[in-house]
Amino acid sequence: MNLITENLCFKPEHEYYLNDISLEFKAGNLYTLLGRTLSGKTSFLKTIAGLQPVDSGQITFAGKDFNSIPVWKRNVAMVYQQFINYPHLTVFDNIAFPLKQRKMKFSDIQNEVSSAIKKVGLQGFEKRKIQELSGGQQQRVALARSLAKKAKILLLDEPLVNLDYKLREDLRNEFKNIFSGDLSSQSILIYASTDPLEAMQLNGNIIVIDEGKILQHDSAKEVFENPSNVRVAEITNEPAMNIVNGSIESKKIILNKDVQIDLPDKLKTIKPGKYFFGLRASDIVLDDSGFQFVVDLAEISGSETILHLHQDNLKFVSLINEVKNFNNRDKVMLKIMSENLYVFNEKGNLIFSPFKNK
Amino acid sequence: MFVIAPFLWALSTSFKDFNSVTGGAKYIPWLQFEPSLEGWSVLIRSQGKGGVNIIEPYFNSVFVTCSASLLSIIFGTLAAYALSRFTFKAGFIKNNDITFFFISQRIMPPIVLSIPFFLMLGFLGLLDSLLGLILVYMVLLMPIAVWIMVDFFNRVPKEIDETALIDGCNPFEAFFKVVLPNSIPGLIVAGLFCIIFGWIDFFFAFILTFTKVQLLPVAIVALNSSVTPWWSLSASALVSVAPLIIVAFIVERYLSKGNLSGALK
Amino acid sequence: MAEIELKNIAHSYDYKSENPTYALNPFSLTWEDGGCYAILGPSGCGKTTMLNIMSGLVSPSKGSVLFDGTDITSVKTEKRNIAQVFQFPVIYNTMSVYSNLAFPLKCRNFDENIIKSKVIEVAEILNLNLFLDKAAKDLTADQKQLISLGRGLVREDVAAILMDEPLTVIDPDLKFRLRRKLKEINEKYNTTLIYVTHDQNEAMTFAKKIIVMDSGNIVQVGNPKELFERPQTTFVGYFIGSPAMNIYDCAVLSDFDVSIGNIQLKTSTNLSNVKSGQLKIGIRSEFIKLVNNKSENTIEAKIEIVEDFGNYKLITVNKNNLIIKAKVERETTIPHDVVLLNIPAEHCCIYQNKNLI
C-alpha cells in the first residue's frame, strides 16, 4: 500500500509550486514535510488529496493510478491549519459526516465516533456546536473526524500552528501518542510543519522542501546530523544554523580578518579554497579565550539565552544554555567549537559533517 | 415619526368618504369625521357592482414576485457559488468583472432596458403574459441574489468545501450539504430583497402589460380616474404593503433569535 | 512619559448582576516609566481586558487608573496619550508612508515643519526613511506593523505604547527584526512598552518584566530568570518553560526533606512551619542531571522515551509510576534501560496550596 509520486510539477504562473517531486511513502510510516511558509507544503498535500491539479507527473497508490480518481473517492483525510469543521453541525455530526457519507450503519457510526471522541479527549462535548468550542477543541474535532474515517492516507497541514503556545506543546505530545497508538500498519501519515523541533519530536522521516523542490529525504536523525546543503541546514535548525562565507588557507579557517581559527585535524583533508561554513547556534559558547563579538540583541527563551551578535561583517546567532542578562551593544567573548563545523562547497552542498566523519 | 406618519395618514384616509377627504384636514376618526368602509368595500366588491379590479392583480403580483424571486434565488445562488469558487478567465474578463456585469444591470436606468425587453417579449409572444413578466423580473432580481450570495459564499472558507470533498461528497453534495446550510442567512437576506424589489416594481409591470394581465402597482394607479378615490387608493396601498410587513416581521423574529449572525466566524 | 498605576482595579462584564463573574479580580499594579513589560497568559485570562482598561477602551468596574498620580479613570481614550498597536497592522492604505506617520500630528494641528522633522526622525529609527513616498499598501507585513508603531512614536506626549500580540501576522524571520526595533525604541525614547502575548518565548525574549496571568488573576510578576527558576505558583511552573515543570504531590518528612511516594528528596526550603495544606514539589527538567554515581537526591529510574529535539534530548523516565522528564544535552550518551538522575536540592520548589513557599 505504498504511495508513490513521480515527477510532480505544478507551475500555475511564474513560480513553481511543485518542482519535479518524486517520493515514495511506505504504509505504516510517519513523514514530516518540513519547510518554511510558502515552500510548497500545502500544495503538495492538496495534490495528494486531489484538490489541486498538476501540470505533469504521476501519483500511484497501492499500485493504482491515483491521478484519475476524484477527491471524494480517494479515501484520504486532511486536517488544515485553520480550524475547519462544519459550523452547522454538532461535534458528533461533524465526526460522523464522512461515515454517513459512506452510508455506514448508524450503530457502527456511533461506535466509531465515540471511540474517536475518546481518543482526542472530547467526551461530553458531543452535542455542542462548533462555535461553542475553543480553538484547541475545534482542532481536536477536525482530528477526530480524520481519525474516525480510518483513511489510508492522513494529511496534516500544520495543525497546531494557530494555537496558543502552551496548548500547542500539550497537543503535540498528545498527537504523537495518538499517532503512535492509532496509526495502523496500513496508513500513511504526512505532517507538514515549519518547526524543526516539531519535526524532530515526531521522529519520523523528514522531507525537507523549499521552493517546491525536495532538498532532502531521510530519517530525522540523519537530516539533523548531515544536512545535504546549506538551505537544509538553515531550515532544520531553530535558531537557523549560522552559514558563513569563508576560506581554508594554510592550516587556518578564515571567516574574516579577525576571526580565524586553527584547522581541526578532522578537516585537514579538505584542500584550501573558498567554502561555506555551518555552525549551530549551540556551538558558539561563552569563553574568555575566544573572539570578541558585539551583542545586537539578547533574547531569553525559557531556559536559554539567544544572542544575536556581530563582529565586523560577520553575523552569528548563539544559543547559551542558561538564562543570562545582556544589554544591546555589550561586548562578549565567544569561542567557536571548530570541531562541530560543517563545511559546504561553493554550490552549498555538504562536503564535511562532524557526525559522518566521526 | 416620519416613517410612520404616511402610514397613519393612509390608514385614516382609507376610512374616509368623499366629503371627509376634500373638506379640509381631518385626522381623527369619529371626532373629526365619520369613518366609512366605502374605501375597503370596493376592493372586494365585484366589478359589476362598482368594485375595482384589485384582487386579480393582487394574485398576479404574488405569483409573479414569488416565482421570479424563487427562480432568481436558485439560479443566482448557483451562479454566485461558481463565481465565488472557480476562476473564470476570458481575456481580460475575470470573476470580479462578471459579478460587476450582473450588478450593472441594476445600475442602468430601467428605461434603457425597457425597449429591448419589450421587443424581445414581443418576438417571443410573451407580452402581456405572466410568464413574460416572470422572465423579466428574473433578469432584474438575479443580480441582487448573485451580488448578496457571492459575498456570503466568499465568507465560507474554501477549505470547508475541500474538507467535504475529502470526506466523500461529490461537488454537488458538498454544495448542498455543507456550503448551502452555512449560507442560510444569505439566502434569507437575498430572498427578502428579491421579494421587495419585485413587489414594488411599477415600471416594467406598466410597460409590458396591457389589459389581460395586470399587476398590483399598476392596478392601484389605474384606480385614479377623473375623481381620485383617495379612500380606496389608500386602502389598496395598505393591502399591497401588508405582505412585505408580514415577511419583514417573520425575518425579524428569525434575526433576533441570533440565527443569522455568528453561523460562521 | 508617565508612570501608570492601576489601583484596586477589578472588572466584570456583567457587573450589575447579582453574582458578577470577574474577568479581572481585584489587583493593584504599577508600570514604571520607561519599562519594558509583557503580559503573558492563556486565552481568556484577562490580559486584553487589562490592556483595554489602561487605554480606556474598557472602563473598569472598580478602582482607578493613575498617570503620574493623576486619576484619569474617566478620561476618554483619545485624551489619554496612549498608543495602541493591534494584531493586524492598522494603516491607511491609500496614503503614503509619510502621510500615515504624519496623520496623528496633523489631526492635532501641529506646524508642518515640526511634523516633517518628527516624521523623518521616527522613520529613520524604524528604517522606513527610504519608503516615505511609497504607498503604505505596498510594504511588507512587518513594515506595516512598524508604521502602526511609528504613529505612536511621532507623538512626544505618548506615555506608553500598548501592543496586543503585534507579531501574530509577522513571518518568523521578520519577527526578530521587529523585536529588535522595539528594544531600540524602548532604549532611545524611554517609552513604556507593554506587550500582550500567549507565547512564553515572545514574552521572555521581549520583556524585562513579565506579568503572568491566569483566569483573571496576576499570578507572578518577575523577570524571565525568576519566572523560570522560582515560579510562584504551579501554574507558572506549567506555563513557563518547555517542557512544563515536573510537578508531584509530596509530603513533609523533616525540616528540609520531602517524600514523593517512597522517594525521598532533600530540598533547600525550610519546611518546619509547614503543617497543613496540599503540598506539591516542582522540579525543572533542565536542572535534572544525569549522573554515574549514586549519592543524595539521586533517583534510579527506567527510561521510557528518549526524544531527540536536535539541540537537546528529552528523557522521560518512570520511577514507580512517577513520570519524570529531564532535558539533557544532545551529545550525552544515554544508557539503554536504567538511568541515575540527580535532582539538586536548591532547584526543588515546594508549593503549599499551589503557592511557592
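Modeller: First, a term: helices (H or I, at least four residues) and strands (E, at least two) are DSSP runs, numbered from the N terminus. This is a predicted model, in which local features need pLDDT of at least 70, side-chain atom pairs count only at pLDDT 80 or more, and totals for chains, interfaces and linings use all residues. Residues are numbered from 1 along each chain as its sequence is written, while chains are lettered from A and ligands numbered from 1 in the order in which they are written.

Start inside chain C. Helix α2 (residues 97-107) and helix α4 (residues 141-153) of chain C have axes that come within 7 Å. They cross at roughly 35 degrees. The axes are lines fitted to C-alpha atoms, for helices over the stretch in contact, with angles from 0 to 180 degrees between N-to-C directions. The crossing of α2(C) and α4(C) is right-handed, that is, the near helix is turned clockwise from the far one by less than a right angle.

Which residues meet there? From α2(C) come C:Val97, C:Asn100, C:Leu101, C:Phe103 and C:Pro104. From α4(C) come C:Ile147, C:Gly150 and C:Arg151. This contact of α2(C) with α4(C) has five nonpolar, two polar and one charged residues. Nonpolar covers Ala, Val, Leu, Ile, Met, Phe, Trp, Tyr, Cys and Pro; charged covers Asp, Glu, Lys and Arg; the others, Gly among them, are polar.

Helix α4 of chain C also holds C:Leu146. C:Leu146 counts as buried because 30 other C-beta atoms lie within 10 Å. The cut-offs are 20 or more such atoms within 10 Å for buried, 12 or fewer for exposed and partly exposed in between, with C-beta atoms placed from the backbone. Beyond its neighbours within four places in sequence, C:Leu146 is in contact with C:Leu126, C:Leu128 and C:Lys181. Contact here puts the C-beta atoms of two residues, placed from the backbone, within 7 Å. C:Val85 is 61 residues from C:Leu146 along the chain, yet their C-alpha atoms are separated by 9.4 Å.

Of the two pairs of chains in contact, A and C share the most contacts. Chains B and C are joined by no contact; their closest C-alpha atoms lie 17 Å apart.

Chain A also touches chain B: 18 residues of chain A are in contact with 18 residues of chain B. On that side of chain A, β6 (76-79) and α2 (91-101) give two or more residues. The side has 13 nonpolar, four polar and one charged residues.

Last, chain A itself. Chain A has eight helices and 20 strands. Its C-alpha trace spans about 75 × 45 × 40 Å along the principal axes. Of its 358 residues, 47% are buried. An automatic or database domain assignment sets the domain bounds: domain 1 is 3-227 and domain 2 is 242-352 of chain A. Their C-alpha centres lie 38 Å apart.
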